[in-house]
Amino acid sequence: MLLLAASQVFREKGFEGASMGDIAARAASSKATLYGYFSSKDELFVAVTIAAAESHFEPIFDALGKEDDEFEPALRRYGEKFLIAACSPEAVQAQRAVIAEAGRSDVGRQFYEQGPRKGMQELATFLELHMQRGSMRQTDPLIAARHLSALLDAETMLPRMLGFEQAWTRAQLRAYARRAIDAFLNGYGNPAPGTASTPAPAAPAPQATPAEPLPPPRATVPARRR
């Protein structure tokens, strides 16, 4: 109830315009009760944005934990679902709100520690599992997870943060995800057995042409004596 009331007030008034008194009144509670759960407005704001993010992203990361999944299909499902969630209006609004306040308070660091950092670690755990299985080349799984996330964000991050393109279709997002996963696998994937390219067989060495037989020596006629 408190998080719902806080979410409504933050959405209506923004972080700066909202007060703990406004939120307590919306929740039909008291400021003392509110401060009993959250020590500051910053902490409450982070809790609201994390709750919004988890509702979209937690099922996606949970799906990565299935150990019987094959690597590439699981990775492609993750990429599509991640982009669909990241580009949802609720997720975009939460990201913009955090970025807007990040330079004025500790909100950005708190949000990162409780949200994106945990998600990145879960993704790294998934990648490390498949490195051990031979589906990926051996490398630092956390760096690989960061690279994958950057590739998935490559075609949508700036447009969605700056607000000049928001109406992507599912087909567009699937195409963006496919290109990102293709690029990631080109850099980090191991080819499946039997799919590695094999050199073409060498052309047979040309056989020497047999030499033509020499003509028989010309007969010489002895000179006649005079």
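Start with Arg117: partly exposed, at 35% relative accessibility. Partly exposed sits between buried, under 20% relative accessible area, and exposed, over 50% (1.4 Å probe, protein chains only). Its partner is Glu113, and their closest N and O atoms are 2.7 Å apart in a salt bridge. By salt bridge I mean a side-chain nitrogen of Lys or Arg within 4 Å of a carboxyl oxygen of Asp or Glu. Glu113 is partly exposed too, at 29%.

A word on the source. This is a predicted model: local features need pLDDT of at least 70, side-chain atom pairs count only at pLDDT 80 or more, and totals for chains, interfaces and linings use all residues. Residues are numbered from 1 along each chain as its sequence is written, and side-chain values use heavy atoms, without hydrogens and water.

How many salt bridges are there in the whole structure? The search finds 10. Look at Arg76. Arg76 meets Glu72 at 3.0 Å, N to O. Both lie in helix 5, 4 residues apart, about one turn. Helices here are DSSP runs (H or I, at least four residues), numbered from the N terminus.

Arg76 also bridges to Asp182, with closest N and O atoms 2.6 Å apart. Asp182 is in helix 11 (residues 170-188), so this pair ties together parts 106 residues apart in sequence. Arg76 is partly exposed at 23%. Asp182 is partly exposed at 33%.

One more set: Glu16, Glu101 and Arg104 are linked in a salt-bridge network.

Last, the record. UniProt, in an unreviewed entry, places a "DNA-binding region" at residues 19-38. In the model that span is 70% helix and 0% strand, and its end C-alpha atoms lie 13 Å apart.

Definitions and conventions. UniProt positions are given in the numbering used here, feature names are shortened, and annotations may be inferred rather than shown by experiment. Helices (H or I, at least four residues) and strands (E, at least two) are DSSP runs, numbered from the N terminus.
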